[in-house]
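Reader: I would like to go through some of the labels attached to this structure. Please set each one against its cut-off.

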Amino acid sequence: VYSNVVVGCDTRTSSPAMKHALISGLLAAGSGCCDDGVIPTPTLAFAAREFDAGAMITASHNPPEYNGIKLLNRDGSAFDYQQRKQIEEAVLDDSSSAAPWHEIKAGNIHNEAIEQHVERILHDFPTGIKLKVVVDSGCGATYMITPYLLTKLGCEVLALNCYPSGFFPHDIEPTEANLVDLIKATREFGADLGIAHDGDGDRMMVVDDRGRFVPGDKLLAIFAQEVGTKEIVTTIDASMAIDEMGFKVIRTKVGDTYVSEKLKKSGEFGGEPSGSWVFPKISLCPDGIYAAAQVVAIASRQKLSPLVDSLPHYPLLRGSISSEGIVMSKLEQRLMAMNPLLVSNIDGIKLNFEDGWLLIRASGTEPKIRITAEAKSETRLHHLYDNSLRIIKDCREGEIN
């Protein structure tokens with residue numbers, strides 16, 4: 001039993017019920033517990049340094065009807081495989097028991113985390129930043145903290161969907177397709193940049209001063225340059241352009257948990273193109289709020305659009321298809337017919353070619369197969385992507401059962 005746990009939740013309609021159920025269970029088991037209310041995951045992770053663990057009720061970037069629990073260590077990292085396995089085994093074998101009545105502790109309210117997180121971030125950045133910034137929280141957990149932080153930095157903040165309705169006004173994953181309103185608002189208001197978060201604030205994506213969505217692969221490089229690191233920890237699906245920029249690149253399975261695990265050992269920065277940015281000096285949890293301050297500080301010195309355009313870029317395509325009826329091991333056998341130069345099995349199967357690469361992997365959160373392709377020309381990109389789709393569909397039609 002963790003003797004002292006801090007608990008928070010995002011804005012989903014189911015989050016309060018799940019949070020109170022979790023708190024009841026912790027207290028019944030004899031753990032001390034503090035309720036931090038509605039709070040972003042990185043803010044809770046920062047607060048966890050004063051506790052034995054943190055527990056966040058959220059489904060992150062998934063649809064509003066989903067929910068779950070993120071368990072965090074004191075350094076902000078997510079529970080690793082062994083920790084999760086220990087909890088799952090205890091639940092499945094029903095080995096847990098309630099504490100004796102005289103050992104049950106009182107629950108407490110903890111309402112200092114947002115202010116403490118903001119103060120820590122302000123320590124790293126100058127104030128007096130006179131930028132106009134549109135912030136789209138998607139009615140998620142960052143609805144208060146990011147506008148508050150950027151205002152403290154000196155920005156004029158135009159709030160978009162910054163209220164806790166429990167219902168997301170658009171799909172909450174901060175992809176270009178889901179941020180049409182932010183892109184439009186950034187252009188129409190002549191803002192210096194736009195910032196978007198997912199449901200719990202561990203992700204952050206950007207729209208530049210020309211109203212263009214900034215690809216996550218370019219943000220990865222921008223942050224790495226700003227931090228001054230020579231080494232980037234990132235996922236297997238990040239652009240090959242990163243390797244050509246002089247960084248030492250360490251690649252992991254897709255998922256910020258794997259990036260954080262590598263950064264526990266060494267490294268100044270890591271992230272993944274989906275919008276998770278990990279700055280170990282503050283926490284091993286991806287911190288979309290810290291990332292927002294970081295990109296605003298960069299934009300205060302130079303316009304984002306020429307900086308984005310100066311970075312190397314190759315055509316890249318990400319998509320997905322239902323995994324129903326697909327056996328991954330047999331699909332991988334079929335994909336080998338594409339004659340790759342090199343194959344990696346860190347996560348799914350990555351086929352490397354002279355002029356590009358293709359990654360096919362099972363989603364960790366949905367019944368889908370994720371497809372990512374990058375190449376040195378649009379023609380080659382679509383050749384790789386379309387061929388992989390054809391092979392997957394052929395498998396579903398009965399050639400693989």
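Author: Contact here means heavy atoms within 4.5 Å. Helices (H or I, at least four residues) and strands (E, at least two) are DSSP runs, numbered from the N terminus. This is a predicted model, in which local features need pLDDT of at least 70, side-chain atom pairs count only at pLDDT 80 or more, and totals for chains, interfaces and linings use all residues. Residues are numbered from 1 along each chain as its sequence is written, and side-chain values use heavy atoms, with hydrogens and water left out.

Reader: Which residues of H7 and H9 meet?

Author: From H7 they are Leu219, Ile222, Phe223, Glu226 and Val227, and from H9 Ala291, Gln294, Val295, Ile298 and Arg301. The residues of this contact divide into seven nonpolar, one polar and two charged. For that count, Ala, Val, Leu, Ile, Met, Phe, Trp, Tyr, Cys and Pro are nonpolar, Asp, Glu, Lys and Arg are charged, and the others, Gly among them, are polar.

Reader: What makes H7 roughly perpendicular to H9?

Author: The axes of H7 (residues 216-227) and H9 (residues 288-301) cross at roughly 75° and come within 11 Å. Therefore H7 counts as roughly perpendicular to H9. The classes are: under 35 degrees roughly parallel, over 145 roughly antiparallel, 65 to 115 roughly perpendicular, and the rest oblique. Axes are lines fitted to C-alpha atoms, for helices over the stretch in contact, and angles run from 0 to 180 degrees between N-to-C directions.

Reader: Why is the pair of phenylalanine 223 and phenylalanine 279 called edge-to-face?

Author: Rings of Phe, Tyr and Trp (its six-membered ring) pair if their centres lie within 6.5 Å; planes under 30 degrees apart count as stacked, over 60 as edge-to-face and the rest as tilted. The structure holds six aromatic pairs. In this one the centres are 5.7 Å apart and the planes make 80°, so the pair is edge-to-face. Phenylalanine 223 lies in H7 and phenylalanine 279 in the loop between strand S13 (276-278) and H9, so the pair ties together parts that are 56 residues apart in sequence. Ring pairs also link Phe125, Phe223, Phe269, Trp277, Phe279 and Tyr290 into a cluster.

Reader: How do you know that lysine 350 sits over a ring?

Author: Its charged end is 4.3 Å from the centre of the ring of tryptophan 357. The rule asks for NZ of Lys or CZ of Arg within 6 Å of the ring centre and within 35 degrees of the ring normal. Arginine 380 lies over the face of phenylalanine 353, at 5.1 Å from the ring centre.

Reader: Is glutamate 354 buried or exposed?

Author: Buried means under 20% relative accessible area, exposed over 50%, and partly exposed in between (1.4 Å probe, protein chains only). Glutamate 354 has 70%, so this residue is exposed. Glutamate 354 lies in the loop between strand S16 (349-353) and strand S17 (356-362). Not counting residues up to four places away in sequence, glutamate 354 touches Leu341 and Lys376.

Reader: Why is methionine 328 called partly exposed?

Author: Its relative accessible area is 21%, so methionine 328 is partly exposed. Methionine 328 lies in helix H11 (residues 328-335).

Reader: What makes cysteine 139 count as buried?

Author: Its relative accessibility is 0%, so cysteine 139 is buried. Its phi is near 60°, a positive value in a residue other than glycine. Most residues other than glycine have a negative phi.
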